Amino acid sequence: MQTIGFFFFIGQLFIFYISSSSLASTTRRLTSPKLTDLQLEDFNLKVNPNLNFENPRLMKAYCALQEWKKAMYSDPQNMTGNWVGTDVCSYEGVFCAHALDDPNIVTVALIDLNYGDIAGYLVPHLALLSDLGVFHINSNRFFGIIPKTFSKLNLLFEFDISNNRFVGPFPKIVLSMPHLRFLDLRYNEFEGKLPPELFDKRLDAIVLNNNRFHSNIPDNIGNSRVSMLVLANNKFTGCIPKSFVNMPRLEQVSLSNNQLTGCIPEDIVNLQGLIVLDMSDNEFVGSLPKNLHTLKRVERFDFSNNELTGEINKSVCSMPSLLDFRISSNYFNEISEECDKLMSEQLISVKDYDNCFFKRPHQKPTKICSPMVNSKVDCKNVPCTLQKSDVEPGNRKITPHKPKPPLPKAALIPPKTKTPGAIRPQFLLMIVEVEIRYGVS
């Protein structure tokens, strides 16, 4: 399956670097004087005096990239095969631009080794790339941890290390990157709790799916200004924090395949910018929120594989942009006439099997439906520490969901190119289908 380009606007690099004088002036104040930048002496590096460089920054870049190349144990596509000589701007996957603080200086601004299948680790020397704005190493075999020196990358605004083999707790070093806006850590082996500081940081996208994170979602999640939030396929527990409904810029969110409990907040209708909402494969109880029709932009809702009950009311089917609505494997037992008509006419795509609807195909047996349908849920009294074996209310037994096995990851090798414009800049709208549900990165 062909991977969809994942929200990285490479063009922003050149907007960022080729900008108005006022932006350059502002950035110059932020980054100068460069007394905090790492120097070769900090790593006991010496350069052959017979080598010629256009400027000291390119000399530092040469040293950093050569040290990184030494830490690469396998490069089956020979992406770094031309990493020789002093012209680092001609290296495969390395792109240069004029420095923000001095337009007369050319410096390394972007690294893109996506889909290289390279095995190795990140070296501290990469922090010598003090003008780096974008760092992409998606779909390789890099392992280990993120060097602490990466906190010196003061201009970095896109950090994509997804689909590698990094380990350890959440890499807090990213919280020290002052201009970071896009953070993509999906498909690694990070584990433990998420630091609350993550949601106080000014980010546009947080993508953490398919790791080993486990904890409650921090209560301050509502402080975040992200437009995309992907926490799927981890082991998050507890209820959705109350502040979640206060995220004004949120457009795409997936909490799929965790162990979240409680009810879906009624105030979720406050998220007026929502386009995609995926809460499937959790342990949510209760009914769908009322007034969903006020969400004018929603195109996809996925509440499948939970313990939800009640009616699919006309509010759901009155959402003007809705294209795809998934409620399979719950205990819904009623459907409004308006929704029934839309489903029958296939005006929206609906997956409603394995529920308790009367006279609809592929539904649960009555003996399974009756206890669930007849026991009402008081969301005010549903504990956020609900365990899989808890019984509340009535004799409601929460059954854990078995995650669906992901499809094998395809070997995704895009055409080689030396221009960053060939990197597709699409913003992924239906991330849930392609990335999360099918395990393709």
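Predicted model: local features only at pLDDT ≥ 70, side-chain atom pairs only at ≥ 80, totals over all residues.

Q: How does the length of H3 compare with the span expected at 1.5 Å a residue?
A: H3 has 15 residues, and the distance from its first C-alpha to its last is 22 Å, close to the expected 21 Å.

Q: Why is H3 described as largely enclosed by the rest of the structure?
A: A residue is buried when its relative accessible area is under 20%. Of the 15 residues of H3, 11 are buried, so the helix is largely enclosed by the rest of the structure. Among the buried residues are Arg 57, Lys 60, Gln 66, Glu 67 and Trp 68. The cover over the buried residues of H3 includes strand E1 (72-74), strand E2 (94-98), E3, strand E4 (119-121), strand E5 (134-136) and strand E6 (141-144).

Q: What makes E3 largely enclosed?
A: Seven of the seven residues of E3 are buried, so the strand is largely enclosed by the rest of the structure.

Q: How do you know that E3 pairs with E2 and with E5?
A: Pairing requires at least two bridges between the strands. E2 and E3 are joined by five bridges and run antiparallel; His 98 has Val 106 in E3 as its bridge partner. E3 and E5 are joined by three bridges and run parallel, with Val 134 in E5 as the bridge partner of Leu 110. Both counts therefore meet the requirement of at least two.

Q: Which residues touch the most other members of the largest nonpolar core?
A: This core has 91 residues, and Trp 68, Phe 135, Leu 229 and Phe 244 touch the most other members. The elements giving two or more residues to the core are helix H3 (56-70), strand E3 (106-112), strand E20 (307-312) and helix H4 (337-344). H3 provides the largest share, seven residues. A second, separate core has six residues, including Phe 182, Val 207, Met 228 and Val 230.

Q: Which residues are in contact with Phe 135, leaving aside its neighbours within four places in sequence?
A: The contacts of Phe 135 beyond those neighbours include Trp 68, Ile 111, Leu 122, Phe 150 and Phe 159, as well as Glu 158 and Asp 160.

Q: Why is Arg 186 called buried?
A: The relative accessible area of Arg 186 is 2%. The cut-off is under 20%, so Arg 186 counts as buried. Arg 186 lies in the loop between strand E9 (182-184) and strand E10 (189-192), and its side chain makes a polar contact of 2.7 Å with the side chain of Asp 184.

Q: What makes strand E18 (285-286) and strand E22 (331-335) edge strands?
A: The open sheet has three strands in the order E18-E20-E22, with parallel pairing. E18 and E22 each pair on one side only. Two bridges join E18 to E20, and Val 285 stands opposite Glu 307 in E20.

Q: Which helices lie on this sheet, and at what angles to E22?
A: H4 lies across E20 and E22 and runs at about 100 degrees to E22. Helix H5 (residues 366-373) also packs on the sheet, where it touches E20 and E22; its direction makes about 85 degrees with that of E22.

Conventions. Residues numbered from 1 in each chain as written. Heavy atoms only, no water. Core = buried A, V, L, I, M, F, W, Y, C linked by side-chain atoms within 4.5 Å. Buried < 20%, exposed > 50% of the residue type's maximum accessible area, 1.4 Å probe, protein only. Helix = DSSP H or I, 4+ residues; strand = E, 2+ residues; numbered from the N terminus. Contact = heavy atoms within 4.5 Å. Axes fitted to C-alpha atoms, helices over the stretch in contact; angles between N-to-C directions. Expected span 1.5 Å × (residues − 1). Polar contact = N/O pair within 3.5 Å; in protein donor to acceptor, adjacent residues only side chain to side chain.
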